[in-house]
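Work through these exercises with the model open beside you. Try each task before you read its solution.

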Amino acid sequence: MNFFRSQTMGYYKLIIPRESAWNVMNELAELDCIHFVDYDPTLPMINRPFANYIKRCDDLLVKIQLIEHEMKKYQKKITHCKDVNLLIKNFKQLIKERSKASHTYLDEIENDIEKKHQQLIEQSTNMENLHERRNKLIEHKSVLLKGEALLGQSFFQPANYVAEGYVNLQGKELDDIKVLQGSVKFNYLVGVINKEDQIRFKRIIFRITKGNAWMNTMDIESDQIVDTKNDDAKIIKSVFVVVYPGGGGSNIITNKLNKICESFQVAKYTFPENNMIFQEKLRQIETELVETRNLLEMTKNQVEAYLDDFQRIYQNSNCSQIEELKLFLVKEKYLYTQLNYLRVQGSVLYGSIWLPHGADIKVDQALREVQTSYEGLPTGQLQISPPEGTRPPPTFFETNQVTWGFQEIVNTYGMPRYKEINPGLFTVMTFPFLFGVMFADIGHGFCLLLLGLYLCVFNKDIKESDSILKHALIVRHMLLMMGVWAFYNGWIYNDFMSVPINLFGSCYYQDDEGDETIWARKEDCVYPFGIDPVWLCVPNELTFMNSYKMKLAVIIGVIHMMFGIILKGVNAIYFKNWVDFIFEFIPQIIFFTCTFGYMDFLILYKWSENWDNRTQDAPSIITLMINMILSPGNVDQPLWGTKEDSSEGQVQTAMLLIALICVPIILLPKPLILNCENKKKHAHEQSNLTDNMNKDLYQKINEESEGTQENSQLQAESSGGGHHEEFGDIFVHQVIETIEFVLGSISNTASYLRLWALSLAHGQLAEVFFQMCLNGGISTGGFVGAIRLLIGYAIFSLVTFGVLMMMDVMECFLHALRLHWVEFQNKFFKADGYAFEKCSYAKVMQDNAAPKEE
Amino acid sequence: MDLCVFGVDDGYAEAIIRGLRASFLTEAQYQQMKNCASIPELKSFLEETDYQNCLQADNPQIPTSILRQRLKKKLADEFEYIEAQSTGTLTKYLFHLRCRFMIDNVVNMIEGLKNKIDIEILLSNIDPLGWFPEIKNIKVLEGDDYSSLYRDVLIDTPIGVYFMKFLEESIENLHENRTLNDIQNLFREMKPEYIRTSLKKMWLEDFYLFCEQELMPTSQEALLELLKFEADFKTVQVIYNSIGNRDLNTAAKIITTRKQLCPTIGNLYPDCEKLYLQAMTLDALREAVKGCDNYRDLLKDAPDPLKREEFNVQTKTLDDIMYDDECRRYALAFDGQGSYGVFYSYLKLKEQEIRNIIWLAEMISRKLAKNHPGWKKIIIPFSHLGK
C-alpha cells in the first residue's frame, strides 16, 4: 500500500563522533534511504562547520572544468559514466585499501589535481608564448614582403638626396614621391596594426602631419595570426607604411608619430636599407619560423599526451579519468553538504533524520559495518525520538518505471500531504482513459499504440543509441496506455480517421419509398459494438454523435468526481476527522448524487427506454434539468409514466429539497464545532501555561541550548499560536469552500464536456483532412485520380502527423491533465506535503555524469 | 498616445531593464554584507548574488579597485547588451548617457598623465561604461596642449563637441589682446576638476536639449524633471564648493567661474541666478534657493563649507544628502511606465549600488569597528519606496 498512502516515516536522532563522521556518512549515503533534516535552515551554508571542504571541492571542480575545456579544444572525447554504482564501489574499495584516514583521500586528489592543473597551465602559457613569437615572426615577414610590394624595391636603394626642404605631399601619389626622392630626404615608418584600428590610425596620422604624409596599408593573410588569449580566434592585422618628409622641423612629427604608434600598440619594424640585408633578413625569419613551428608542434604533443592521460579509461572503471575525478569530487561535496545538516557540539555531531518504515535496520547495519571495516573507529548511533518542530514527516512514494510518470503529474501540481491518499494511484488508470476518450480514433490511436509498443519493446536498444526517442523512454508506459485507450475508444465511436468501419454489417438498409430514400432498420437488430457505421451517411450524423458524446462525457465526469468525493470521505476516516466526514463528506456526496447523479440517472433511463414510433414523446434531458430548477414538480414531458400520473414530479422535488438542505449542513456546523474546540483548547492551555514555563526553564538549563535551539522553540511556539484562528476566519474559509463546492459541481461537470469537445474537434479535423486530400482523388478515379491521390496522400500524411499526431496528442494530454488537476483533485487533494529527499550518492553523481547539453 | 506605441521599438529593452530590477541587493543583503568580517567573505557573499559571474575568476583577496572594476564591467556589459538591442531614438539616447562616463574617463586620463602615472594603469582603471577606442590615444597629450589633444585625437569622438566648446569658451574668456603664451598659461593652470565640471555641464545641457527635442512626451516628462534636479544639484554643488575656496580669491573671479560652471537649465535658472551667483556664505545660498522647498530642506542639514577642516567621517556631507535625495527620485522614476527614464534611473541606481559595495569593502578591509558611523553611510536603492 506504499503507493496508495505515502510510506510511514520514523523520526530518529543520529549521533556521530566527529572523527568518524566521514566514514559513517559515506556508509549512510550509500543506503539511499535517509532524509536529513536541516537543523537551522536560516543559517547560511558558508557559516557551517564543513563549508571549508565544500569550498575546496568547488575550487577543484572549477579546475577540472578548465581541464575539460582544454580537452575540448584539443578534441579529446570524454567517456561519460553510464553506471555510477560501479564507480561508488570502486571509490570505496580504493579508499579502504589506503592505510591512512579515509577522508584524507580528498587531500591526495586535491594535490594531484592541483599539480596537474599547474602543469597544464604552464604548458599552455608556453604554447601562448610560442604562438606569440610565431605571430611576431609572421608579422615581420609580412612587413618585409608587403612593404616591398607597397613601396617597390627601388625606394630603399641608397639615394643621393640633394637638399633638405619642405615638400608638400598632400594628395600626391607614390610615383610622385619617388620622383621627389632624389631631392628630399624622406622618413618612413613601417609596422603592423590591427585591422579595426586602421582607419582611425590613418586619420590621426593625417591630422598630426597635417596631411603631409603618404600612407598605405595591406592586409596580412588572415589565417596565420592566432589570438591565443581569445580561444585561438583569428585576428586580422595589416601592414602599414607611412612616408613623410624627413629633416627640417620634422623631428617633432617623428616624436608624435612614435607616441601615436605607442598608443595604438602597433608593432614597428625597421625596413632593411638594401636588397642584400633584405634577403638576409627574410631568410633568417624563415629559419626561425621553422624552428618555432617545430617547437609548437612539440609542446602541442606534450599537452596532448597530458590530456590523453585524463581521457584514458583505467581498468575497473567505466569512464575517463577526468570524469572519475569529477564524480569523486561531486560525491565528496555532497557528503560534506549533508554533514552540514548536522549540528556540531564538541566532538560529536547531532543530526535528525526521517527514515521510511523498516529502514532503521538497514541504517543500524550500516553503522555496525563502519565499526567492522574500519577498526578502531567509533561508530554512530541511531536513536528513535519524538519529532521535533512542527513540520510533518515528508511524503515518500516508492515508484517504478510505470508509475513514475503519473506520480510526477501529481507532484507537479503539489506534493501529497503525509499519509494522504495519493491521487497518483488512480491517475495511472484514469489519465490514459480520459486521454483516450478525447483522442478516440482507431487509426490515430493505433499509431500511438505502436509508438508505445515500440518504445517498450526496444527500450534497451534505444537507451544505448543516440536516438531522439531516448527522451521519450521515460514515459513509454504512459504512451502505451494512452494508445490503448485511444484505440479502444476509437472502436466505441467507430471512427477510423473519420471513416467508420462496417465490421458487423449495419442494421439499417436503404428503403425507397416513392421519391425519397429513407433508412429503415432491420427487425430486432442491434449493432453489437460501438456506433453503427450507417450514421456517417445520414445528414443528422453530427447532431446524433454530439448528443451521444456529450452525454457520455457527463456520465464519465460525474463518476470521476463522485469518486473524488468518496476519496475525501476515506481520507477523513483515515485521519479520524469525524467533523469532516459527517459535515462535509456526507452532505457533499448527497448533494452531488441528488443533482448530477440524478441527471446521469435520467440519461441512462432515457437510453434504456425504447422510443420507437413515439420519438416525439422523448423529453430533452437539458429541458428536464432546467425545469427541475425553475418550476420544480411540473413535468411537461415525463420520462416515465404519462403526464397525468408520473412520479417524476415528486422525485424531482424531493431531490431538489435534499440537495438544498445539504448546503447549510456543509456551511454551518463545521466552523461552529471548530470554534468550540478552539475555545476549549485555549482554556486548557492557559491553565498549563505556568507548568510549561517551568518546563522550559528546566530544559534550557539542562541542555545548555544554543541560539539555534531557542529559535526552533520560538518558531514552534509561534506556529502553535497560529492555531488560535478567529471564528471569522474559519467561517469565511468555510463559506468559500461551500460556494466553491456548490458552484464547482456545476462548472466542473460542464468542464468534463471537454471530453466531447476535443473528440469532436479531433473527428472534424480528421474529416476535413480526409475530404480535402484523399476524397477527391478516390472519387475521380482513373489516371487523373491516381495522380491526385498521390499528391493528396503526401499532404494528408504530413498533416495527419503534424496536426493530429503531434498537436492533438499534446492538446488532449493537456486537457486530461487539467481534468485531473482541477476537476478531480480539488475534491479531496490537500497537496501541502513536501518530498522525501533521500541522501543518495547515486542520484547526485548520475545528475553530474550526464554530459551537459549545449 | 506614445504609451501605446512605446513597446513597438523599445519594449524589449525596457523589459530587460525591468527584469534586471531583481538584481538589486536588498536591505537584508546589505545587512549581511555589513556582517562580513573580511574581503574573501564579502566576495563569497557577492558570489551568491547577481554579481556571481563577474567575480568567479578572481582570487578571494580581491583589492577594492579590482572589485570596482569587475562590478562596473558587469554593469557595462548589461548596458551594452541593451544598447545593442535598441533602435532609433533609444540608441541615441543610450549613447548620450554613456557620454557622461566618457567625459569622466578622458578627464581622468588627462589628470593621470599630468601626474605622470603610467598609461597602462590608467587604461586599466577606466570606467568600462565610458570606453571608446580613441581613449588610449590620449597619450599624445604633451604638457597642457589641450587644443592639439582635441585636434589630433578627440575631434572624432562623441565628446569632441563638448571639448571644442570648452576650448572656445576658455579662450574667449581671456582678455582681448591675448597671446599664445596667455593661452598656454591658462591651460597650464587649469585643474582637471574644472575641465570635468565644465564638460559635464555642457553634456548636461546638451542632453537636456536632446531630451526636449527628440523624445516622446512621456519620456520627456520623466527625464526633464530628473535632469532639472540634476542641474540644480550641480549648481548648488558648485556654489557650495566655491564658498571659502582659497583658489578663487576675488569676488569677481568667483562669480565668473561660477557663471561658467553652473548649468543654464533647471529650476533655479534663470530666476535665482543673480542670487546664487553672489552667495558667499551658506546662509546666503540657503536664501537663494529658498524658492524651492526641496532644496531648502536639503541645505538645512548641510554642514557649513567654511568649516571644512572640521569635517570627519561622521559628517553627512552635502554630497551624501544629495545622493540620498537623488536615489529616491531615481527609484520613483524607475517605476514610471513607458518612458526612457527607466534606463537613466537604472544606471544611476546601479552606480549607487556599486558605490555602496565599494564603500563597504573599504570599511571591511580597514577592519573598522561595527559601531563606526561609516557603516551607516550607504544609500540603498529602492529603500525609500517602502517608507
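**Exercise 1. In which loop of chain A is Met497(A) found, and is Met497(A) buried or exposed?**

Solution. This is a predicted model.
- Step 1: Met497(A) sits in the loop between α15 and β12 (508-513) of chain A.
- Step 2: check the accessibility. The cut-off for buried is under 20% relative accessible area. Met497(A) has 17% relative accessibility, so Met497(A) counts as buried.
- Step 3: look at the backbone. Most residues other than glycine have a negative phi. Met497(A) is not a glycine, yet its phi is positive, about 45 degrees.

**Exercise 2. Where does Lys576(A) lie, and is Lys576(A) buried or exposed?**

Solution. 
- Step 1: find the loop. Lys576(A) lies between α16 (541-574) and α17 (578-608) of chain A.
- Step 2: read the backbone angle. Lys576(A) has a positive phi of about 55 degrees and is not a glycine.
- Step 3: apply the cut-off. Exposed means over 50% relative accessible area. Lys576(A) has 59%, so Lys576(A) is exposed.

**Exercise 3. Which residues does Leu639(A) contact, leaving aside its neighbours within four places in sequence?**

Solution. 
- Step 1: locate Leu639(A). The residue lies in the loop between α18 (621-630) and α19 (648-667) of chain A.
- Step 2: At 3% relative accessibility, Leu639(A) counts as buried.
- Step 3: list the partners. Leu639(A) is in contact with Leu602(A), Tyr605(A), Lys606(A), Trp611(A), Pro619(A) and Glu648(A), neighbours within four places left aside.
- Step 4: take a C-alpha distance. Leu639(A) and Ile603(A) are 36 residues apart along the chain, and their C-alpha atoms are separated by 9.9 Å.

**Exercise 4. In which strand is Gln383(A) found, and which residues does Gln383(A) touch, not counting those up to four places away in sequence?**

Solution. 
- Step 1: name the strand. Gln383(A) belongs to β11 (residues 381-384) of chain A.
- Step 2: classify the residue. Its relative accessibility is 36%, so Gln383(A) counts as partly exposed.
- Step 3: find the contacts. Not counting residues up to four places away in sequence, Gln383(A) touches Tyr11(A), Tyr12(A), Lys13(A) and Ile15(A).
- Step 4: take a C-alpha distance. Asp364(A) is 19 residues from Gln383(A) along the chain, with 9.9 Å between the C-alpha atoms.

**Exercise 5. How many residues does helix α13 of chain A have, and what should they span?**

Solution. 
- Step 1: count and predict. Helix α13 (residues 442-457) of chain A has 16 residues, which should span 22 Å at 1.5 Å a residue.
- Step 2: compare. The end C-alpha atoms of this helix are 22 Å apart, which agrees.
- Step 3: pick out the buried residues. In α13(A) they are Ile442(A), Gly443(A), His444(A), Gly445(A), Leu448(A), Leu449(A), Gly452(A) and Leu455(A).
- Step 4: recall the helix rule. An α-helix has 3.6 residues a turn, so residues three or four places apart point the same way.
- Step 5: find what the buried residues pack against. The partners are α12 (423-438), α14 (459-464), α15 (476-493), α23 (754-780) and α24 (782-824) of chain A.

**Exercise 6. At what angle do α5 and α6 of chain B pack, and which residues meet?**

Solution. 
- Step 1: take the geometry. Helix α5 (residues 64-85) and helix α6 (residues 88-114) of chain B pack at about 155 degrees, with axes 9 Å apart.
- Step 2: The crossing of α5(B) with α6(B) is left-handed.
- Step 3: list the residues. Phe79(B), Ile82(B) and Glu83(B) of α5(B) meet Thr91(B), Leu94(B), Phe95(B), Leu97(B) and Arg98(B) of α6(B).
- Step 4: sort them. This contact of α5(B) with α6(B) has 5 nonpolar, 1 polar and 2 charged residues.

**Exercise 7. Which hand does the crossing of α12(B) and α13(B) have?**

Solution. 
- Step 1: take the geometry. The axes of α12 (residues 217-242) and α13 (residues 251-261) of chain B come within 10 Å and cross at roughly 155 degrees.
- Step 2: The crossing of α12(B) and α13(B) is right-handed.
- Step 3: list the residues. Val238(B), Ile239(B) and Ser242(B) of α12(B) make the contact with Ile254(B), Arg258(B) and Leu261(B) of α13(B).

Key. Residues numbered from 1 in each chain as written. Chains lettered and ligands numbered in written order. Predicted model: local features only at pLDDT ≥ 70, side-chain atom pairs only at ≥ 80, totals over all residues. Heavy atoms only, no water. Axes fitted to C-alpha atoms, helices over the stretch in contact; angles between N-to-C directions. Helix = DSSP H or I, 4+ residues; strand = E, 2+ residues; numbered from the N terminus. Left-handed = near helix turned anticlockwise from the far one by under 90°. Contact = heavy atoms within 4.5 Å. Nonpolar A, V, L, I, M, F, W, Y, C, P; charged D, E, K, R; others polar. Expected span 1.5 Å × (residues − 1). Buried < 20%, exposed > 50% of the residue type's maximum accessible area, 1.4 Å probe, protein only.
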